[in-house]
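Have the sequence and the model open as you read.

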There are 2 protein chains.
Amino acid sequence: MINKPIKPVVVDTSRSAYARLKPAPVTAVTLTDGFWAARYKLNRETMLLAQYAQLEETGRINNFRRAAGKLDAPFAGLVFNDSDVYKWLEAAAWVLAATPGGALQQKVDALIADIAAAQCHDGYLNTYYALERAGERWSNLRDQHELYCAGHLFQAAVAHYRATGATSLLTVAQRLADLLCATFGPGADHRQGTSGHPEVEMALMELYRATGEARYLKQAEYFLNARGQGLIGGRDYHQDHVPFRQMPRLAGHAVRALYLCSGATDLYAETGEPALGEALARLWGHMTARQMYLTGGLGPRHEGEAFGDDYELPNARAYAETCAGIANVMWAWRMLQLNGDALYADVMEQALYNAVLPGLSLDGMGYFYVNPLQSDGTYHRAPWFVCACCPPNVARTLASLPGYIYSLTEDTVWVHLYAPNDAMLTLPGGREVRLVQRTRYPWDGNVTIDVLSVGEFSLRVRIPAWCQADAAVLLNGEPLSIAAPAGTYVEVRRSWQVGDSLCLRLPMRVRQIEAHPYALENSGRVALMRGPLLYCLEGVDNPDVDLRDVTLPLEEFAIEETFMPTLLGGVSVLRFGAEGVPPDAGWSGRLYRPVQQRPVVRRPLMALAVPYYAWANRAPGPMQVWLRRG
Amino acid sequence: MINKPIKPVVVDTSRSAYARLKPAPVTAVTLTDGFWAARYKLNRETMLLAQYAQLEETGRINNFRRAAGKLDAPFAGLVFNDSDVYKWLEAAAWVLAATPGGALQQKVDALIADIAAAQCHDGYLNTYYALERAGERWSNLRDQHELYCAGHLFQAAVAHYRATGATSLLTVAQRLADLLCATFGPGADHRQGTSGHPEVEMALMELYRATGEARYLKQAEYFLNARGQGLIGGRDYHQDHVPFRQMPRLAGHAVRALYLCSGATDLYAETGEPALGEALARLWGHMTARQMYLTGGLGPRHEGEAFGDDYELPNARAYAETCAGIANVMWAWRMLQLNGDALYADVMEQALYNAVLPGLSLDGMGYFYVNPLQSDGTYHRAPWFVCACCPPNVARTLASLPGYIYSLTEDTVWVHLYAPNDAMLTLPGGREVRLVQRTRYPWDGNVTIDVLSVGEFSLRVRIPAWCQADAAVLLNGEPLSIAAPAGTYVEVRRSWQVGDSLCLRLPMRVRQIEAHPYALENSGRVALMRGPLLYCLEGVDNPDVDLRDVTLPLEEFAIEETFMPTLLGGVSVLRFGAEGVPPDAGWSGRLYRPVQQRPVVRRPLMALAVPYYAWANRAPGPMQVWLRRG
């Protein structure tokens, strides 16, 4: 995405259906070491426990006990608080799949029992509309998040079922889903309506895939088609301003828009409906060409947590909700499965490292809801939020990360992400393939994939778009004479032997990135990237200069890269010579002045940049991504 | 302001009281010709009548008839709709002073009768809290605008009294003001409270000045002092986050903040309280150095119609409410009276031409509420708004404009603004001075002031800060050998004879203005100004290029200035050679890319710029103030 033209998105709409790639199950892959394994472990050992404590303390779990008649207390918190519990449960289920038992297993089992007990006889389940508000069910689909909460229940249930094989939560989910199917639909014998906050669409699609029940697919399709019909007010905030297939660009609340796109992509993957595929291609193309932060973050506008105008990408004032970064990953992942175009994997990786991960502190105890690209030092992470969508969303993303690494086609393993792991994959044709990845990625672009299976099949390895120099692919230490252009998957097909080793060499040079001139705040500025990582300056590393005054040379300059194992959990830092202007030089407190022809006096300085995902983990201070140039 | 350092604001706090300058009465000055006279006439002949029709059609006047028991209908519109009627009345009163009688007089008299009839026996007057809501008076000072509406009544009443000598509305105002004095105050026998929307403070000060009743000053002081005490919620939106004298910078809703500053300045002018003067100086200095658009517009943030962070000045996304521009004029005018520092007059003039006037269409029938500095062509003026604060605010500003031209000290006439007028001024010492101004300003910097009185006194003429070359002052055609630096008042003292003529030569060269580099959206860009006017490009004049691609040369270049009498009501346009880049040149639809060392291919083009105040009066199309450079 970064350094090659965005190709027109090719969604094959000539066939009647689908996704070419099949995701490898989350449970088939074990993160063994390195960057992501450390975060996976942090999630399991710290985040999930701390989040569970928050769910208890804030009354979110008690809301279920209350609805079940086990507790006499008022409903606690916001109307969509159930969803936080479900997202946590989804995360915990994936973690249990890898490490069953223990305290987490007990919490999950007890929680599922509480949830089941809160379900009404007819399958209805929403703790806000329990008891004294039972008569108000479905009365405000636009604002009250009933279908949104239902969707998160479905996703948690599918995760729990896939992770453990148990149907305890799946049964609860299906009872509610069946009630939705019985209640909402296009016919005169059904209610009309759709959710003000999309989510139930992709959740129903997952339920369809997990159960094979086509009515869930039909129900997802109904909810998608019901948008833009004026049923929920017609505002773009709710993606109700126009029918989905006619949307020219994403607008309104960013997380809602992206969840909707994810659901629509799931639907397209099953139906192959041309108009839907065209809409997805159009929306994706517009988003990545005019609406996306360099982080992969989306939704710049605080007002309405929303997409703005084209090229409206303020830095200090960025909203870029952590959940929108996650939703970008979710959508990109789904688009990637359609046809295996590496551009989706590039955006997915970009957002994972630079839009999702900054939402989490290194100690796993703090979260950003909003992700600015410039800070005056007054912005910090919080352990929890009243509206706590982001923390459990980060948790379920980390817990399911093993599932983002590989996809499968008939006799091919697609390798999307690089992280040490041990994978036991079953190709659609039935062949079992065991792979072991070893790499220091993202600090180093060398990746080794050991093949521990025998037989003829292909490995398709991703050459990231950020590779400026040609990548190299080696088999058992010998360079293969195949082209490996950036932004593609390189196929290596052969009859593999146990012990074969495929190596990638992805040269990681520091790139100076510039933004389209219509993105006004970045004019005359560059941002530094290395591999998939975006870098930033922090005040704590650069104490003697206002970060807004740091200016990079126009001509080429040396950047020294050093891995510092004890800094910020282990990061590669960048050091380089730059220049600073004395504070307020030539301005004398003015805001405007006639242009000066004389050059500004500058002083040399050494700057140190750290990965953007790691900012705000030390002494509070300013931060700057986009640096002046020239 | 533009082209000299902003001096620390010098407010003399060593004395116990005063404004050094006394405003010349609105009624003492008649606009005779030229730029502002045309707009004054447009106000009288078109705007006031059209606005009155809106006030009738939207039920705003009927609300008074309803409260008076003359009409059985529900209250119409927003809770603060009374204020629109009062602002219109204030405007109409000033116009009547110059041209009494006729249909306007009848409307004003009838309206005052309706207002008086709506007043309760105890003096209370607010049509929303009439009849069925009478018991809810003062129940929500934060949100419900009762004191705000009262303030606008007081201002209208003072204007009507000063303009006509009649006390019909002043009596109504005093009855309500006396009720406020009896109701609110610091003692245990009074209610505590202050208004969520400042306005009553400056209105009470004006009522004090008009009547000499010190209780109104005390009441204004109470309302100011009651802020920041947690009485109305403690949010900066309402300027309640900190006591006024401790505010480090303006924050929250811009119009509210600026109305409050205006009232505080009125109070300071009477009390000379050092802490108040220091706060005003601090807030003014911060605002002009870090928060103000080049237009003089204020409040960049849509969310909350608010001040943003320092240097947060987006162009396309500017809010810059027309009322905030007006409030800037009001505050600058009050600060100017304190000590005659020309920097306030510079901002006042800058905002009048570039922040207030763009709010009005050339035909007087359309208004902007929001004033962006860049548009994609989809933004247009509207004849009225549900929340219609801006239109009558423009009307009262134009109607009182004759009062902004001169101030008086003991034996000196201060000339702030240049516009053809005939003034009969009475100096505080008793001397009568008649002056006649002739000028083509703002198209030409030559101003002639004919003196039609005899005797020794001073004229202090303003040399605008925008004068880059030295200005010249001529007496009866002969240059005076006195310095006339930009951003000062030049004093010419002599024994004047009838027929003496003082001429100013204010060279008007086109200036390329750059913004402080922390104002990110303007990096590497310049805006064009000539005299007090800011210029912009419009698509209709520059059809063959995306305005965002127009690039000015780094080196000096010729700008041809031509007055076009039939264009946009008569404007000087600027023509110059520039360059354009082909659409999307080198970007191929990407949003980010590694920096390119090779130069972009550009093509030469001729650009035509028009005054910013005149934009959006022709075919809808894009507009751009800040242009790329180099």
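"Buried" here means under 20% relative accessible area, "exposed" means over 50%, and "partly exposed" is anything in between (1.4 Å probe, protein chains only). For charge, Lys and Arg count as positive and Asp and Glu as negative, while His and the chain ends are not counted. A salt bridge is a side-chain nitrogen of Lys or Arg within 4 Å of a carboxyl oxygen of Asp or Glu.

This is a predicted model, so local features need pLDDT of at least 70 and side-chain atom pairs count only at pLDDT 80 or more, while totals for chains, interfaces and linings use all residues. Residues are numbered from 1 along each chain as its sequence is written, chains are lettered from A and ligands numbered from 1 in the order in which they are written, and side-chain values use heavy atoms, with hydrogens and water left out.

Let's start in chain B. B:Glu146 sits in helix α5 (residues 146–164); helices (H or I, at least four residues) and strands (E, at least two) are DSSP runs, numbered from the N terminus. Not counting residues up to four places away in sequence, B:Glu146 touches several others, including B:Asn126, B:Tyr129, B:Trp138 and B:Leu141. Contact means heavy atoms within 4.5 Å.

B:Asp82, in helix α3 (residues 81–98) of chain B, is also buried and has no salt bridge; B:Arg60 carries the nearest side chain of opposite charge, 8.2 Å away. The side chain of B:Asp82 makes a polar contact of 2.6 Å with that of B:Thr127. Leaving aside neighbours within four places in sequence, B:Asp82 is in contact with B:Phe64, B:Asn126, B:Thr127 and B:Cys149.

Over in chain A, A:Glu221 belongs to helix α8 (residues 214–225). A:Glu221 counts as buried because its relative accessible area is 16%. Apart from neighbours within four places in sequence, A:Glu221 is in contact with A:Leu267 and A:Glu273.

**Pairs that do form**

Side chains of opposite charge can pair when their charged atoms come close. How many salt bridges does a search of the whole structure find? Over all chains, there are 84. Three of them look like this:

| Salt bridge | N to O distance |
|---|---|
| A:Arg618 – A:Asp541 | 2.6 Å |
| B:Asp500 – B:Arg494 | 2.9 Å |
| B:Asp114 – B:Arg65 | 3.0 Å |

B:Asp114 lies in helix α4 (residues 102–118) of chain B and B:Arg65 in helix α2 (residues 60–67), so this pair ties together parts that are 49 residues apart in sequence. B:Asp114 is buried, at 8% relative accessible area, and B:Arg65 is buried at 18%. In the B:Asp500 pair, B:Asp500 counts as buried at 6% relative accessibility, whereas B:Arg494 is partly exposed at 27%. A:Arg618 is partly exposed too, with a relative accessible area of 25%.

Chain A also has a network of salt bridges, linking A:Glu206, A:Arg209, A:Asp266, A:Glu270 and A:Arg334.

Check the peptide bond from A:Tyr441 to A:Pro442: it is cis, with omega near 10°. In chain B, the bond from B:Tyr441 to B:Pro442 is cis with omega near 10°, and B:Pro442 lies in the loop between β7 (432–439) and β8 (446–451).

Then there's tryptophan 138. Phi of A:Trp138 is near 60°, a positive value in a residue other than glycine. A:Trp138 lies in the loop between α4 (102–118) and α5 (146–164) of chain A and is buried, with a relative accessible area of 9%. B:Trp138 has phi near 60°, sits in the loop between α4 and α5 of chain B, and is buried at 9%.

Terms used
Polar contact = N/O pair within 3.5 Å; in protein donor to acceptor, adjacent residues only side chain to side chain.
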